[in-house]
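Biologist: I've got a model open and I'd like to learn how to read it. Could you walk me through it, feature by feature?

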Amino acid sequence: MMACKGFIFKKGETSLHRLDPRVKFLISLSFVVCSLLYEELLVLAILALAMVPLALKGGVFREWLSALKGLSFLALLIFAINLAFIFFGSGKPWDFPVAMALRFIVVVSAFSLFFLVTSPDEFGLALQQSRIPFDVVFALTMAFRFVPVLALEVQSIADAQRSKGLELDSGNFLMRVKRRIPLLIPLIVSSVKRSLEIAEAMEARGYGSGRPRTSMYKLNFKRVDLAVTLLTLTLLTLTVLLRLYLPTPAFKPF
Amino acid sequence: MIVLEEVDYVYPNGFQALRGVSLTIREGAFLAIMGRSGAGKTTLIKHLNGLLKPSRGRVTVDGVDTRKATVAQLSRKVGIVFQNPDHQLFAETVEEEIAFPLKNFGFTPSEMRERIDWVLKLFNLERYRHHSPLSLSGGEKKRVAMASIVAWKPKYLVLDEPTLGQDRENKLKLRKLFQEFRRENRTVVMVTHDVEFAAECGFDVALLADGKILASGSAREVLSKPKLLEEASLTAPQLVELFLKLGSPKPVFTVEEAERLILNLAGRG
Ligand SMILES: Nc1ncnc2c1ncn2[C@@H]1O[C@H](COP(=O)(O)OP(=O)(O)O)[C@@H](O)[C@H]1O
Ligand SMILES: [Mg+2]
């Protein structure tokens with residue numbers, strides 16, 4: 001629940017918000033690429049820390065943290081699995097599990113940051129103007145736009161079931177999973193129902209009429225956008241080059 | 001007795017939905033909470049079983065502060081039927097759906113069967129016993145949702161907009177049910193827009209507007225004050241309005257009252 005808040009657009013007037021959505025996507029993507037290139041704890045830690053000033057700049061630090069907190073459980077799981085592999089002789093260094101958990105955190109928080117400062121409409125426009133077929137774009141933006149609706153719905157379903165004596169916060173892991181079935185089924189049923197209704201309502205308003213679609217707004221790529229793009233690409237290239245031509249300082253216990 | 005004392009509630013996003021709400025719900029009371037949509041009615045009833053805890057003030061259920069008990073404990077006494085049945089129904093069969101809370105509250109199998117038989121009959125759902133609740137019509141789903149709560153006989157029954165989207169026949173059934181509850185001296189709190197229905201079923205009324213209680217009292221008192229109703233964006237029952245317009249000295253509530261009055265006047269004239 002709390003994690004949802006970390007992926008929902010938060011209105012704002014910061015310089016990060018004003019960037020072209022494609023540039024914001026490039027920044028987030030760069031973080032992801034860099035984190036996938038390195039397995040070293042130090043580099044991944046730097047990447048994670050580098051996101052802090054960005055989150056602060058966008059005025060979404062609290063929301064960004066709640067995304068991290070919400071997903072810390074999964075990070076722990078990744079840590080545990082990697083630790084187990086080492087135990088069974090994967091031959092990785094001992095800081096590898098921490099690095100993998102950190103990599104997960106970097107990837108997740110890069111996406112969180114992107115969604116926090118990019119409105120669903122902007123996101124849609126960006127996709128649309130990148131010549132991806134409109135149906136695909138539309139499906140994506142709808143999915144994206146309905147996240148907050150779904151979050152509210154989960155809340156209201158949980159309220160109804162808790163009022164019937166369902167305990168969500170006690171018991172062991174398996175019991176907790178099982179107790180979420182009364183939440184999951186209504187959520188799926190009402191989502192499917194809603195999507196069918198929306199589809200009908202859209203067709204009734206001319207969706208898929210076959211004519212070329214027009215659009216009301218156009219994205220414009222400003223000078224700042226260009227500057228930030230160049231900066232990001234430079235940093236990204238440097239990181240890739242470093243990875244290719246520098247021997248990585250592997251941690252060797254002996 | 002459920003007592004709300006000076007309750008404020010602020011949602012996490014900073015929106016204040018309740019402002020200094022004080023309300024006492026006595027045992028055996030029939031209370032309708034009325035007001036326009038967005039007035040804070042649902043927010044208010046979520047305080048009755050501790051789903052929401054007041055940001056300021058206090059809510060007690062039979063003397064127990066809702067902050068000091070779990071939702072499950074409070075729900076045993078305070079059964080809330082929420083508005084949207086699609087947010088509740090999940091079981092394979094109607095029978096299982098009704099059994100779900102009974103299992104949560106630790107009823108024995110024989111008690112369970114007895115309660116299920118009883119509510120299926122009460123809500124006229126017997127023939128759907130082994131059907132999937134998801135395959136039913138809107139009105140039937142609403143009845144299943146209600147049945148699953150009535151089944152554990154909560155001391156306080158709370159209903160959010162039970163008449164919304166229900167036809168005349170279903171409303172009549174609901175009215176019958178309320179009559180039965182009244183005989184058993186049970187407590188019913190109902191959220192509704194439906195002034196006629198609240199008046200017909202003999203509920204007291206608390207008017208809510210912008211998170212504040214504007215007025216509370218018998219339906220007769222509250223619903224015959226057009227000014228007050230206007231403030232809460234409700235309209236008086238048509239009959240009340242008509243007789244006020246005609247200059248009747250006291251408000252007329254039921255068709256029978258109106259009939260008597262008219263016959264009297266006609267007889268005299
Ligand atoms: N989860 C929430 N977060 C923020 N505001 C909310 C939330 N739920 C309801 N509200 C707001 O609180 C007010 C009262 O809502 P609600 O109690 O549902 O009204 P009613 O049931 O009278 O229609 C509304 O303005 C609504 O927008
Ligand atoms: Mg409501």
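Biologist: Let's start with a pair of strands. In which sense do strand 4 and strand 5 of chain B pair, and over how many bridges?

Modeller: A quick note before that. This is a predicted model, where local features need pLDDT of at least 70, side-chain atom pairs count only at pLDDT 80 or more, and totals for chains, interfaces and linings use all residues. Residues are numbered from 1 along each chain as its sequence is written, with chains lettered from A and ligands numbered from 1 in the order in which they are written.

Modeller: Now the general idea: strands of a sheet pair through backbone hydrogen bonds, either parallel or antiparallel. Here, two strands pair if DSSP finds at least two bridges between them. Helices (H or I, at least four residues) and strands (E, at least two) are DSSP runs, numbered from the N terminus. In your case, strand 4 (residues 56-61) and strand 5 of chain B are antiparallel, over two bridges. One bridge to look for links B:Thr60 with B:Asp65 in strand 5.

Biologist: What is the strand order of the open sheet in chain B?

Modeller: Its four strands go 2-1-4-5, with antiparallel pairing. Strand 2 (16-25) and strand 5 (64-65) of chain B are the edges, each pairing on one side only. Strand 1 (residues 2-10) of chain B is joined to strand 2 by six bridges, and B:Leu4 has B:Leu23 as its bridge partner there. Strand 1 also pairs with strand 4 of chain B, over five bridges; B:Asp8 is bridged to B:Arg56.

Biologist: Which residue takes a positive phi in the hairpin of strand 1 and strand 2 of chain B?

Modeller: That's B:Gly14, with phi near 95 degrees; the hairpin has five residues between the strands. Non-glycine cases deserve a look too. B:Asn124 has a positive phi near 60 degrees and sits in the loop between helix 4 (109-122) and helix 5 of chain B.

Biologist: Is B:Asn124 buried, exposed or partly exposed?

Modeller: Count neighbours, using C-beta atoms placed from the backbone: 20 or more others within 10 Å of a residue's own is buried, 12 or fewer is exposed, and in between is partly exposed. B:Asn124 has 14, so it is partly exposed. Across chain B, 44% of the 269 residues count as buried.

Biologist: Which residues are around ligand 1?

Modeller: A residue counts as near a molecule if its C-beta atom, placed from the backbone, lies within 6 Å of it. Among those around ligand 1 are B:Tyr11, B:Asn13, B:Phe15, B:Lys41 and B:Thr42. Helix 1 (residues 41-45) of chain B gives the most to this shell, with three residues. By class, the shell has four nonpolar, seven polar and one charged residues. For those classes, Ala, Val, Leu, Ile, Met, Phe, Trp, Tyr, Cys and Pro are nonpolar, Asp, Glu, Lys and Arg are charged, and the others, Gly among them, are polar.

Biologist: And how many residues of chain B are in contact with chain A?

Modeller: Two residues are in contact if their C-beta atoms, placed from the backbone, lie within 7 Å. By that rule, 21 residues of chain B are in contact with 19 of chain A. Helix 2 (71-75), helix 3 (94-104) and helix 5 (138-150) of chain B each supply at least two residues of the chain B side. That side has twelve nonpolar, six polar and three charged residues.
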